[in-house]
Structures are given as structure tokens and as C-alpha cells.
Amino acid sequence: EVTLLAPTPREARPVVAAAPAAVRYSPNVTRLGLPNSLNSLVQVWLVLGLVLRRQVDVVYVRAASLTFLFGLLLRGWTRAVVVTEHHGWLAAERLISGRRTWLAPLERWLQVLDARCARRVRTVVPGIRQRLADGGVEAARVMVIGNAADTEAIRPLPREPALHRYG
């Protein structure tokens, strides 16, 4: 059984068609004007509840600023294996965006902490694996598995209709 947890979409239609998995939506803090990174604070408690009510073997988390909490809490209170996916380097993305660049060192530290708290770590490129290792994460716990997609089933929408539909 697979349950996907995501913040409630801004629009009524589902963001993910996930059959045979169940999709459960959590409250989305951005609706309150709060940063998206704070959604992890809501989700960690929902995931902890799911893990404690069911026999959950693995919790797969896409890394963000506060996702170290998943590894920290679930490791301490459950037997579930936490795997975090690091699909980008948060500090570099912060610097490139030019927004609140003073947060970049904190985001680097939090990303390394996330990897340290997880039992296993997936990166999508070797460079992220190296950055985590440079931060003290045991290299044997980090695996590089690139992204993949069925290009017959998944195709980008043309730019203008996508901007009109999704903003």
C-alpha cells in the first residue's frame, strides 16, 4: 500500500494522478501567506500519525529546508526507514534566486542534517552526493539514481497554455 502526502493544491483538481496509490492532502500553509518550506512542519506530524497507526516500512521524503524532522522524529519513535531524496542543492538555489541569500548557509546546514538524519539518501546527480559527503554524510548511505520519465506518457505542455492554466 502506498500513500502519497502533498499540500492541498491551490485549485480543486488533483495535482497527481497516482493510481494505485492513495493521495492524501495536508493543509497548505501558503494559503496563510507562510513560506512553502513550513509545509514540512504540518506534514511531519501527519506522517508520524500514519506510521504509528499502520505498519509502515519506508517513508520517502523529498528534501526541503525542514525535512530533517522526518528522519529525526521517525527514527526516534518508529521502525520505519526514512529515505530522503536530494534533487537539488538548496543553498545554491537560494543564491541563484537572489532572494534572502543570507539563508543559504543555513539551508546548506539543514540539507546536510536532513541526510544525516535519514537512514538512506537518494541524490539525482553525483555532485549532490559529493556535497553531502563533504558535509560529513557517510557516502555508503547515499545512492545516485537519476530521474527518469516515460516520454510517451509525460510531455511538457506548450508554454502559453501551461502559464494560463497553472500560472
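This is a predicted model: local features need pLDDT of at least 70, side-chain atom pairs count only at pLDDT 80 or more; totals for chains, interfaces and linings use all residues.
View 1. Two strands count as paired here if DSSP finds at least two bridges between them. Helices (H or I, at least four residues) and strands (E, at least two) are DSSP runs, numbered from the N terminus.

View 2. The 4 strands come in the order β3-β4-β5-β6, with parallel pairing. β3 (58-62) and β6 (142-144) sit at the edges with a single partner strand each, so one side of each has no neighbour in the sheet. On average, neighbouring strands are turned by 25° against each other, direction ignored. Helix α4 lies across β4 and β5 and runs at about 145° to β4. Helix α5 (residues 126-134) also packs on the sheet, where it touches β4, β5 and β6, and its direction makes about 140° with that of β5. Axes are lines fitted to C-alpha atoms (for helices, over the stretch in contact), and angles run from 0 to 180 degrees between N-to-C directions. Contact means heavy atoms within 4.5 Å.

View 3. Look for Ser65 in the loop between β3 and α2 (68-77). Ser65 has a relative accessible area of 12%, so it counts as buried (buried is under 20%, exposed over 50%, partly exposed in between, with a 1.4 Å probe and protein chains only). Its side chain makes a polar contact with the side chain of Glu107 at 3.0 Å. A polar contact is a pair of N or O atoms within 3.5 Å; within protein, one must be able to donate a hydrogen and the other to accept it, and residues adjacent in sequence count only if both atoms are side-chain atoms. Leaving aside neighbours within four places in sequence, Ser65 is in contact with Ser37, Leu90, Glu107 and Leu110.

**View 4. Leu103 in its loop.** Leu103 lies between α3 (90-97) and α4 (104-117).

**Notes.** Residues are numbered from 1 along each chain as its sequence is written, and side-chain values use heavy atoms, with hydrogens and water left out. Local features need pLDDT of at least 70 and side-chain atom pairs count only at pLDDT 80 or more, while totals for chains, interfaces and linings use all residues.
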